[in-house]
Structures are given as structure tokens and as C-alpha cells.
Amino acid sequence: ARQEYEKFLKRLESDEEFAKVGAKHATHVRTQLVGLLRKEGNPEDAMKQVEVLIKAYPTALQPLMEKGLILQAWAEKDATQYDKAIAHWTDLRGRLQTMRKKPPQLYEVILHLAECLYGQATKLSDKDKAAAKKGAEDAEKLLKSTLTLYASLGGSGWLRGQYEILLDKTIVFQGRTPEKRAAPAAKPADTPKPAEAAK
């Protein structure tokens with residue numbers, strides 16, 4: 001797939017006729033290429049590519065999301081990158097929250113921000129207990145406030161599950177026991193139709 005993406009982008013540069021038709025797909029293709037570089041564990045190259053993409057398309061959300069994921073993956077290997085990842089997700093969260101209609105990506109951004117706060121806290125736990133505690137507290141507050149303000153999280157049950165799992169981790173990290181949650185309400189059993197009941 002990477003070779004195909006690179007071939008497509010090279011052809012965009014060298015074939016004017018192809019560029020007229022293919023230009024509308026350039027952002028998507030470049031973003032996919034950046035994602036592949038990130039998954040290959042090459043954050044430096046992925047970051048170079050995504051910065052070019054953001055410069056070319058500064059208002060496109062997908063490259064900004066990808067940049068955050070690159071920084072986050074990088075931070076998981078090198079804890080010194082957590083500040084950059086947290087700053088990026090915080091900035092993107094601020095942008096998305098000002099929108100009148102909240103995009104579904106907002107709730108993903110908040111989850112990633114909380115993951116970074118918690119991840120940084122776990123790395124600091126042996127070096128700076130006060131900073132680690134604050135990071136976990138910040139992650140907990142962020143998750144709780146989001147679940148309170150936007151209970152449906154854009155209608156994503158999977159995302160809500162991820163919030164709850166991470167919330168419990170932040171609470172346990174602080175030495176507390178997570179609160180028990182009510183189990184989802186069971187769906188009522190199908191009632192037989194009158195004709196079936198009469199049989």
C-alpha cells in the first residue's frame with residue numbers, strides 16, 4: 001500500500017492531466033501514507049510528511065489528528081515527547097470545542113489527551129510523584145467532565161467504553177477504588193404477536 005500511495009503522489013507531481021483529476025484525493029492519500037509511516041514505527045519521517053501536509057492543508061482535520069497520533073506513539077517510546085503530544089491534543093480540543101456543532105472527532109481527541117496525561121503520569125511515578133498524581137487527576141477530571149457534558153460522546157458506545165476503562169485506570173493509579181457502574185439495561189424479550197400466541 002505504501003508503494004501505491006507514493007506512486008500516486010509522484011504521478012501527481014509529474015503528470016499535469018492526472019493532477020487535474022487526482023488532486024482532490026491528495027489529502028487523503030498523503031494522510032494514509034503518514035499513517036503507514038507511523039505504524040511502521042518511524043515517527044521522525046511520519047512527522048516530516050505530516051508537517052508538509054498540514055502546511056498545504058492547514059484547515060484539514062485528518063492530518064491534525066494524524067499528527068497527534070504520531071506524537072502520542074512517539075511519546076510511548078520516548079517519554080520526553082509527552083509534553084508535545086499533550087500540547088497538540090489540547091490545542092486541537094480547543095479548536096473543536098468552539099465549533100457550534102461538535103464534530104465526532106472531538107471525543108476522540110479528548111480520549112487521546114487523557115491517554116497522554118495518564119501515560120505521562122505512569123512514566124513520572126518513580127521520578128516525580130507529585131507531578132504523576134496531578135497528571136492522573138487531570139486525566140480523571142477531563143474524562144469525568146466530558147462524560148457529564150457529552151454523555152452520548154457522539155453516539156459511540158465503543159468510545160464510552162474506552163473512556164470508562166481509562167477512567168478506572170486513573171482512579172486506581174491514585175490509590176482509590178473505581179465506583180461500580182450500573183450494568184446496561186437489558187433489552188426486553190420479544191413479545192409474541194397475537195397470532196403466534198394463539199398457536
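This is a predicted model: local features need pLDDT of at least 70, side-chain atom pairs count only at pLDDT 80 or more; totals for chains, interfaces and linings use all residues.
Biologist: How do you know that the length of α9 agrees with a helix of 17 residues?

Modeller: At 1.5 Å a residue, residues 157–173 should span 24 Å, and the end C-alpha atoms are 25 Å apart, which agrees.

Biologist: Which residues of α9 are buried?

Modeller: They are L159, Y163, L166, L167, T170 and I171. What covers them includes α7 (105–124) and α8 (129–149). G157, W158 and V172, on the other side of α9, are exposed.

Biologist: And what is the phi of G175, the residue that follows α9?

Modeller: The phi of G175 is positive, near 85 degrees. L153, in the loop between α8 and α9, also has a positive phi, near 50 degrees, and L153 is a residue other than glycine.

Biologist: Why is L153 called buried?

Modeller: Buried means under 20% relative accessible area. L153 has 2%, so L153 counts as buried.

Biologist: Now for the charged pairs. What makes E66 and R38 a salt bridge?

Modeller: The rule asks for a side-chain nitrogen of Lys or Arg within 4 Å of a carboxyl oxygen of Asp or Glu. For the side chains of E66 and R38 the N to O distance is 2.4 Å, and the pair meets the rule. E66 lies in α5 (residues 61–77) and R38 in α3 (residues 26–39), so the pair ties together parts that are 28 residues apart in sequence.

Biologist: Is E66 buried or exposed?

Modeller: E66 is buried, because its relative accessible area is 9%, where the cut-off is under 20%.

Biologist: What separates E164 and R160 along α9?

Modeller: About one helical turn, because E164 and R160 are four residues apart in that helix. An α-helix has 3.6 residues a turn, so residues three or four places apart point the same way. The closest N and O atoms of E164 and R160 are 3.2 Å apart, and the two form a salt bridge.

Biologist: Why is K133 called partly exposed?

Modeller: K133 has a relative accessible area of 44%, so K133 is partly exposed. E137 has 22% and is partly exposed too. The side chains of K133 and E137 meet in a salt bridge at 2.4 Å, N to O.

Biologist: How many salt bridges does the rule give?

Modeller: The count comes to nine.

Notes: Residues are numbered from 1 along each chain as its sequence is written. Side-chain values use heavy atoms; hydrogens and water are left out. Helices (H or I, at least four residues) and strands (E, at least two) are DSSP runs, numbered from the N terminus. The expected span of a helix is 1.5 Å times one less than its number of residues. Buried means under 20% relative accessible area, exposed over 50%, partly exposed in between (1.4 Å probe, protein chains only). Contact means heavy atoms within 4.5 Å.
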